Amino acid sequence: MTSLVGHDTQIAAFCEAMASGKLHHAWLLTGPQGIGKARFADMAALRLLAEAAGPPPGGEGLYVSAEHPTARLVTAGSHPDFKRLERLAKDGTGELARNIPIAQVRTLQGMFATTPSMSSRRVVVIDAIDDLERAAANALLKNLEEPPAETVFLLVSHAPGRLLPTIRSRCRLLRFSALGSDAMARVLRNELPESDEAEIAALVRAGEGSPGRALGFAGLDIAGLDEAMDYLAASGDPGNATRVALAKSLSLKAAQMRYEAFLQRAPAFIARAAERRQGQALADAIALWEQCRALTSSAVGTSLDVQSVVFQIGTLIAGLAPRRSDVKG
């Protein structure tokens, strides 16, 4: 399985628990979305099952060869002692359901009703536990309170504060942090071998420590969007040429995903500019950020005219037009 970059401390803590022979039955994997928690859960599940069933997987950390019998079964979706719960696609739409319903949690009972097939161990991954309906969370709680023997739950959470306190109290917490720039670049080079360094650098900035977020921007010429926003903020765009061109390019039907990326990127761009300002310039930048955030929020999922939205956002960015006295240092 592909290696996990940037989470050596978490891997070491989990491997130490495995080696101790006193592995906690439920682990709550928390941290920002898109930083690798789900991949960690899948790798940990595979290592647990491979070690229990044999032959020894070898390697360090959570590594298991793709040729290992357990890996083959998990990849095929046919391992009898492994269950992964996640939001499913709606019939006929391809869109994911909003939640994980109680019916999915109840499917665990069939696995728990029999003894493990391949070894003494079973593993359940839930990605993400935040998505459980209330009834589903209560059903899962019963399993956490009285866990089946030799069963390990790996629960991915982006917002642990929203979970039932009774669920949190029955889990060992393992916190994950956003990745640094070097680790982000390593992940992106592995995932996007055809990308040049300029695109990798732009995606590192766009990802803000989350490889998942960065990969969602891949192929959308984020560098070009950043260049346009930099020019707007630096020059004020006299004559409106850049705003008009950007609005036209993002209004094309084929540019929908790039438009959505622009809506995500623009408020953060203004926020970063505000951090470098002081006094009245800071207050002005904050006001621009508030207007931009309100506009982008209302534009998501609505039928607002794309050209008009992009032009308005461009005008807000152009309103930064910094003077030297506005910038710290």
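Guide: Contact here means heavy atoms within 4.5 Å. One more point before we start: this is a predicted model.

Visitor: Is serine 157 buried or exposed?
Guide: Serine 157 sits in strand β4, residues 151-157. Buried means under 20% relative accessible area. Serine 157 has 0% relative accessibility, so it counts as buried.

Visitor: Which residues is serine 157 in contact with, leaving aside neighbours within four places in sequence?
Guide: Take the contact rule, heavy atoms within 4.5 Å. With neighbours within four places left out, the list is Leu28, Leu29, Thr30, Gly31, Lys37, Ile129, Asp130 and Leu163.

Visitor: Which residues touch the most other members of the largest nonpolar core?
Guide: That core has 73 residues. Helix α13, residues 256-275, gives the most to this core, with 9 residues. Apart from it lies another core, of 24 residues, including Leu85 and Val124. In the largest core, the residues that touch the most other members are Phe40, Leu154 and Ile317.

Visitor: What kind of aromatic pair do phenylalanine 14 and phenylalanine 40 form?
Guide: The count of aromatic pairs comes to 4. For phenylalanine 14 and phenylalanine 40, the ring centres are 5.8 Å apart and the planes stand at 85°. Planes over 60 degrees apart count as edge-to-face. The pair is therefore edge-to-face.

Visitor: How many residues apart in sequence are the parts that this pair ties together?
Guide: Phenylalanine 14 lies in helix α1, residues 8-20. Phenylalanine 40 lies in helix α2, residues 37-53. So the pair ties together parts that are 26 residues apart.

Visitor: Which residue caps the N-terminal end of α15?
Guide: α15 has 13 residues and reaches 18 Å from its first C-alpha to its last. At its N-terminal end, a side-chain oxygen lies 3.4 Å from the backbone nitrogen of glutamine 307. The capping residue is aspartate 305.

Note on methods:
Residues are numbered from 1 along each chain as its sequence is written. This is a predicted model: local features need pLDDT of at least 70, side-chain atom pairs count only at pLDDT 80 or more; totals for chains, interfaces and linings use all residues. Side-chain values use heavy atoms; hydrogens and water are left out. A nonpolar core is a set of buried Ala, Val, Leu, Ile, Met, Phe, Trp, Tyr and Cys residues joined through side-chain atoms within 4.5 Å. Buried means under 20% relative accessible area, exposed over 50%, partly exposed in between (1.4 Å probe, protein chains only). Helices (H or I, at least four residues) and strands (E, at least two) are DSSP runs, numbered from the N terminus. The expected span of a helix is 1.5 Å times one less than its number of residues. A polar contact is a pair of N or O atoms within 3.5 Å; within protein, one must be able to donate a hydrogen and the other to accept it, and residues adjacent in sequence count only if both atoms are side-chain atoms. Rings of Phe, Tyr and Trp (its six-membered ring) pair if their centres lie within 6.5 Å; planes under 30 degrees apart count as stacked, over 60 as edge-to-face and the rest as tilted.
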